[in-house]
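Subject: Structure handover

Hello,

The structure is below, followed by notes on its contacts. Please read the notes with the model open.

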Amino acid sequence: MANSLKCDLCSKPATVHLTQIVNSKIHKVDLCEACAQAKGVTDPSGFSLADLLLKASLNPEPAGDAKCSACGFTQQDFKKTGRFGCPECYSHFSRLLDPMLDSMHKGSAHTGKIPQKAVTRRSLYERLTQLETELDQAIKAERYEDAARYRDEITQVRQAAGRKEEAGK
Amino acid sequence: MKINELIDSPSELTDTAASKSAVVLMTRIRLARNLAAQPFPGWAREAQKKEIRDQCMQAVAALPQMKRGLAIPVESLDELQKQILVERHLISRELCHAKSGSGIVISKDQSCVVMVNEEDHLRIQVLRAGFQFKKVWNTINALDSDLEEHLDFAFSPNLGYLSACPTNLGTGIRASAMMHLPALVISSQMEKVVRAVNQLGMAVRGLFGEGSDASGSIFQISNQTTLGESEEEIIKHLHGVLNTIIEQELNAREKLIETDPNKLFDKIGRAFGILQNGHLLNSGEAMNLLSLIRLGIDFGVFADTQRAVVDRLFIECQPGHVQHAAKGSFDPNQRDVLRASRLRSEFAKLPPPDFTSAAK
Ligand SMILES: [Zn+2]
Ligand SMILES: [Zn+2]
């Protein structure tokens, strides 16, 4: 019997087989005539294999009901569009994402530019929120020495954040 | 700056004093960026989208690089204006279809563009005529760092810059070069090149015309992977691939002129004849004819100074530019007449081809 592969996008018999080698790993996409046409594969110069690989790798796991708690995006939505709903989706759907990264990219860890200022600023704000909560609790529990310490630290962090802001202007 | 003022003022691509690069027409880098804790444009509600747009556009327009440029919501552009921006490689077709809540900010010299609420909140793009990755990267890197002072980007230490599509994860960088590869096309080697480039994890696409057809032997080569390598490594890798393609194209040219110069000169001569005398030219055909003239320039058949003219015409022969120049809306047939007439007058000025200087 002939090896009858199924189309990665619609499960009809596949007639077009594509191979891409990224970082010496081989990735394959099998498509039926109609899907190949629709994706522009027949024109050797005009399609994005990365996008195809993404769609093709979405099959296996049955879609769960899990929703991103930040934006309400579901696994079904991702299967439909190949796009996420918000930055938080990346941590919510990491199980879905991890196996895909392998076929899509050179590696699975970022080694490029870091938005240094934004990262510092965000961690300062996070620290500030944390300190404010602790201050509240300290006051409620009448731990005044702790409260004074938190207040001092809040002033310090505020100053640091303020300087960052000014440097940006 | 108003949109019409921008359209009528010289752009990086239409006013290159001297286009010196024989093979690379244009270098471009874009970065995908998103705001932290905000839904991506494709998932955001209308009101959120507008809010995000206002915040992003304000931050971008305030950058010193964008001073006296254009900042405008996409919905206030008409179809022709959008098309002209697409033909100049300033905005994407996807952005044209954006219903509402999207915007663009373009620098005065039209070399820096930020698309707001396309697939991502921000698509920062810098382009330059010729082969200039270093310059383009330095410019866009600075632009991005300046922007970062005012906007909190969605970033994960592990996954890098978070984008709507996982194919852009990490650096979010797409570096590309627009290459003129007529000899590889004439000698039927393009398919081989496309396959080799794909195997190296890069993408090739035909540039002008409807999305994918390779009119004018112009191809865009770009990186596909964005995670696991630094921006510099990605650019360096692409640079190496491009240099190899340039070498192959130049070899193919040498071979063409050695093996069958008459076949080549016949193509160039006929192209010149049609451009000087044709009365109906669609944009695909015009592109292919101009491509042959450009090849002729590289062979010394026409003066070197003509390259900038041809490069400008590549853009100005697109349907949107033709209609804009004629100040009206025309059907494709009328456009073909207008295009041919424009080309006739350009090529009437050109001295006839000198084939003796090419056949060294
Ligand atoms: Zn199919
Ligand atoms: Zn989400």
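What distance separates the centres of domain 1 of chain B and domain 2 of chain B, taken over C-alpha atoms? The answer is 26 Å. The domain assignment, automatic or from a database, gives domain 1 as 3–253 and domain 2 as 260–348 in chain B.

This is a predicted model, where local features need pLDDT of at least 70, side-chain atom pairs count only at pLDDT 80 or more, and totals for chains, interfaces and linings use all residues. Residues are numbered from 1 along each chain as its sequence is written, chains are lettered from A and ligands numbered from 1 in the order in which they are written, and side-chain values use heavy atoms, with hydrogens and water left out.

Between the domains of chain B, 28 residues of domain 1 are in contact with 24 residues of domain 2 (heavy atoms within 4.5 Å). The buried area is about 2,100 Å², with 63% from carbon and sulfur atoms (accessible area, 1.4 Å probe, that two parts lose on being put together, summed over both). Thr14(B), Glu87(B) and Ile186(B) supply 23% of the area that domain 1 buries against domain 2 in chain B. One salt bridge is counted between these domains (a side-chain nitrogen of Lys or Arg within 4 Å of a carboxyl oxygen of Asp or Glu). Arg253(B) and Asp298(B) form a salt bridge at 2.7 Å, N to O.

Chain B and chain A bury about 4,200 Å² between them. Their contact takes 54 residues from chain B and 48 residues from chain A. Three salt bridges cross this interface. Asp144(B) and Lys113(A) are joined by a salt bridge, 2.7 Å from N to O.

Regards
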